[in-house]
Amino acid sequence: MVTTAAASKTVYIETFGCQMNTADTEVVLARLAETGWIRTASPDTADLVLYNTCSVRDNAEAKIRGRLGDMKGLKERRRKAGAPPLTVGVMGCMAQREKNGLIEKFPQVDLVVGTDQFVHMPQLLDQVAARGRLVATDFGDFEDQLWTAKRAEGVNAFVTIMRGCNYNCTYCVVPFTRGREKSRPAQQILDEVKGLI
């Protein structure tokens, strides 16, 4: 499905946590680029600010709450200056865990995207533009499509093999934030690795 996002919109994304979050960020950047978004180095120059979050340590969540506080001020300054509105989104494990709570606690947040929904970011942004604030945290199957990723230069690349976990260890948040174990088809993994080489 092709979305209607305007060309040359800018996105700032900050990633917290593990390599899985880094890999997810790369897919989100590629999906947004498909619909005309370009990455910017500062939230001050962005039309969209995304925080890809971690729930393993409270320190990461505290940082994100601080960033969201900053976004309240930035949105207000932009509104007073007559600048285009800023869209703020939270994605990843903290978004999956807190769901509607993030929208309720932080009125500056427009979009909450869980760990199985981020591949639909362009469509979710279209929904926010049409209907307002949105929470998308349903768990689903692994996407059946090979999504491209916007990877940094270099010789390393993250390749997602599986998500989630079927164990419920007392100390671990993964089954609650990433869902049940889901694996990608082997051929899809091989095709991605061949493409990376």
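**Helix packing and the sheet**

Modeller: In this predicted model, helices α1 and α5 pack with their axes 8 Å apart, at an angle of about 65°.

Colleague: Which residues make the contact?

Modeller: From α1, Val28, Arg31 and Leu32 take part, and from α5, Met121, Pro122, Gln123 and Leu125. By class, the residues of this contact are five nonpolar, one polar and one charged.

Colleague: Staying with α5, which of its residues are buried?

Modeller: The buried residues of α5 are Met121, Pro122, Gln123, Leu124, Leu125 and Val128.

Colleague: And what do they pack against?

Modeller: The buried residues of α5 pack against α1 and against strands β2, β3, β4, β5 and β6.

Colleague: What follows the helix?

Modeller: Glycine 132 follows α5, and its phi is positive, near 100°.

Colleague: Turning to the sheet, what is the strand order?

Modeller: The sheet is open and has six strands in the order β2-β1-β3-β4-β5-β6, with parallel pairing. Strands β2 (37-39) and β6 (134-136) stand at the edges with a single partner each, so one side of each has no neighbour in the sheet. From one strand to the next, the twist averages 20°.

Colleague: How does α1 sit on that sheet?

Modeller: Helix α1 (residues 19-33) packs on the sheet and touches β1, β2, β3 (48-53) and β4 (87-92). The direction of α1 makes about 175° with that of β1.

Colleague: What is the corresponding picture for α5?

Modeller: Helix α5 (residues 121-131) also packs on the sheet, touching β2, β3, β4, β5 (111-113) and β6. The direction of α5 makes about 150° with that of β5.

Colleague: Is β1 enclosed or left open by the rest of the structure?

Modeller: Five of the seven residues of β1 are buried, so the strand is largely enclosed by the rest of the structure. The chain crosses from β1 through α1 to β2, and this β-α-β crossover is right-handed.

Colleague: How many bridges join β1 to β2?

Modeller: Three bridges join β1 (residues 9-15) to β2, and the two strands run parallel. The bridge partner of lysine 9 in β2 is tryptophan 37. With β3, β1 pairs in the parallel sense over five bridges, and valine 11 stands opposite leucine 48 in β3.

Colleague: A change of topic: where is threonine 137?

Modeller: Threonine 137 lies in the loop between β6 and β7 (162-163).

Colleague: Buried or exposed?

Modeller: Threonine 137 is buried, with a relative accessible area of 10%. Leaving aside residues up to four places away in sequence, threonine 137 touches Ala95, Gln96, Lys99, Val112, Gly114 and Gln117.

Colleague: Finally, what is the average pLDDT?

Modeller: The protein averages a pLDDT of 89, and 93% of the residues score at least 70. Over residues 1-6, however, the pLDDT is below 50. Beyond near neighbours in sequence, that stretch has eleven contacts in the model. Where pLDDT is low, the predicted coordinates should not be read in detail.

How values were computed:
Residues numbered from 1 in each chain as written. Predicted model: local features only at pLDDT ≥ 70, side-chain atom pairs only at ≥ 80, totals over all residues. Heavy atoms only, no water. Pairing = 2+ DSSP bridges. Helix = DSSP H or I, 4+ residues; strand = E, 2+ residues; numbered from the N terminus. Axes fitted to C-alpha atoms, helices over the stretch in contact; angles between N-to-C directions. Contact = heavy atoms within 4.5 Å. Buried < 20%, exposed > 50% of the residue type's maximum accessible area, 1.4 Å probe, protein only. Right-handed = clockwise from strand over helix to strand, strands pointing away. pLDDT = per-residue confidence, 0-100. Nonpolar A, V, L, I, M, F, W, Y, C, P; charged D, E, K, R; others polar.
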